[in-house]
Amino acid sequence: MAKAQLDEACRELADLLKKIEDYRIKSEAMWKNIEDLSKSRAENAAAIQNLTRNAMENSLAERMLSHAARRAIARITCLKDKQLGRATKHPTTSTIINSIDTTLPVWPEPTAALCGRVPADDAKPLLPGQLIAAHIPQSGGGPGSGEEEPWILAVVVRTEKDKCIVEDFVVDDEKAERHTLPVKSVVPLPLSSPAVCSADTLHAAGAPVLAMYPQTTCFYRATVHRLPEKPDGTYQLHFNDDDFEDGRVRYQDVPIKFVVQDQASKKRAREKD
């Protein structure tokens, strides 16, 4: 069993490294073309803009694959240690949560997929290493009353037709638990922030959203109270059933990276159309 898991992890890593190299080669070619076209900038402005957009998207994809490769290496290390009977030191859950990168690159085009409030492009498959909110049935509910099962922070391992294999972001003991989910149970997180923060580029005040509750890796339903004022800012949110015991409203600050459209309201809007 352990050998089979180790062999599978090694195959996954080899596949990831090949994909990273493919993206690196594409990026080099794109930036070389941009450099050549820039010699006659006025004549090639549109082509340069398109190539720059593609090169930036390519760099984001390479970054996600690199993240997946680092997780694969950690998994191989754990499996190998287990095989040899060695103890593996794992960081605590709180350490992992505090180390999560909350920043996003600023994107010049506010209508780009996964920029701010813009949803994913369904025509583009999810990539290994991509961060998502995943709806996985489990015990536990919302911040206050426990009325709903949470969505959790997870990472894409691979996609298979209409299914998505994901693993928990937080590694528990030897491994991160893996789940096979339908596409509707997976929501990609924003990959970039808009240069200009407004109700046109971000979730507007009063909008229902799904957001990661501070100091956890669980997503719950909330309402936007205040928008971020800058690309690296935070939303001020009111999570459902999360008021103080004396009835005062409790607001939480959540980075743009961990706020997506509320899936229940999205479904209702789709049915209405």
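What you see is a predicted model. The chain has 273 residues, and 42% of them count as buried. Four helices and twelve strands make up its secondary structure elements. Now the contacts. Take those between residues at least 6 apart in sequence: 62% join residues at least 24 apart.

On to the rings. How many aromatic pairs does a search of the whole structure find? Two.

Next, Tyr-213 with Phe-239. Where do the partners sit? Tyr-213 is in the loop between β8 (208-212) and β9 (218-226), while Phe-239 belongs to strand β10 (residues 234-239), so the pair ties together parts 26 residues apart in sequence.

Why is Tyr-213 called buried? The cut-off is under 20% relative accessible area, and Tyr-213 has 16%. Phe-239 has 0%, so Phe-239 is buried as well.

Arg-71 lies over the face of Phe-169, 5.6 Å from the ring centre. Arg-250 lies over the face of Phe-244, at 4.3 Å from the ring centre.

Now the cores. In soluble globular proteins, nonpolar side chains tend to be buried together. The largest nonpolar core here holds 45 residues. Which of them touch the most other members? Leu-153, Phe-219 and Leu-237. Several strands give two or more residues to this core, among them β2 (131-135), β4 (163-168), β9 and β10. β3 (151-160) is on that list too, and β3 gives the most, with six residues.

Look at Leu-237 up close. Leave aside its neighbours within four places in sequence. Its contacts then include Val-209, Ala-211, Val-224, Tyr-251 and Val-259. Arg-250, the residue over Phe-244, is also in contact with Leu-237.

One last item. There is a second, separate core, of 15 residues. Leu-16, Tyr-23, Ala-69 and Ile-76 are among its members.

That's it from me.

Notes. Residues numbered from 1 in each chain as written. Predicted model: local features only at pLDDT ≥ 70, side-chain atom pairs only at ≥ 80, totals over all residues. Heavy atoms only, no water. Phe/Tyr/Trp six-rings, centres within 6.5 Å; stacked < 30°, edge-to-face > 60°. Buried < 20%, exposed > 50% of the residue type's maximum accessible area, 1.4 Å probe, protein only. Lys NZ or Arg CZ within 6 Å of the ring centre and 35° of its normal. Contact = heavy atoms within 4.5 Å. Core = buried A, V, L, I, M, F, W, Y, C linked by side-chain atoms within 4.5 Å.
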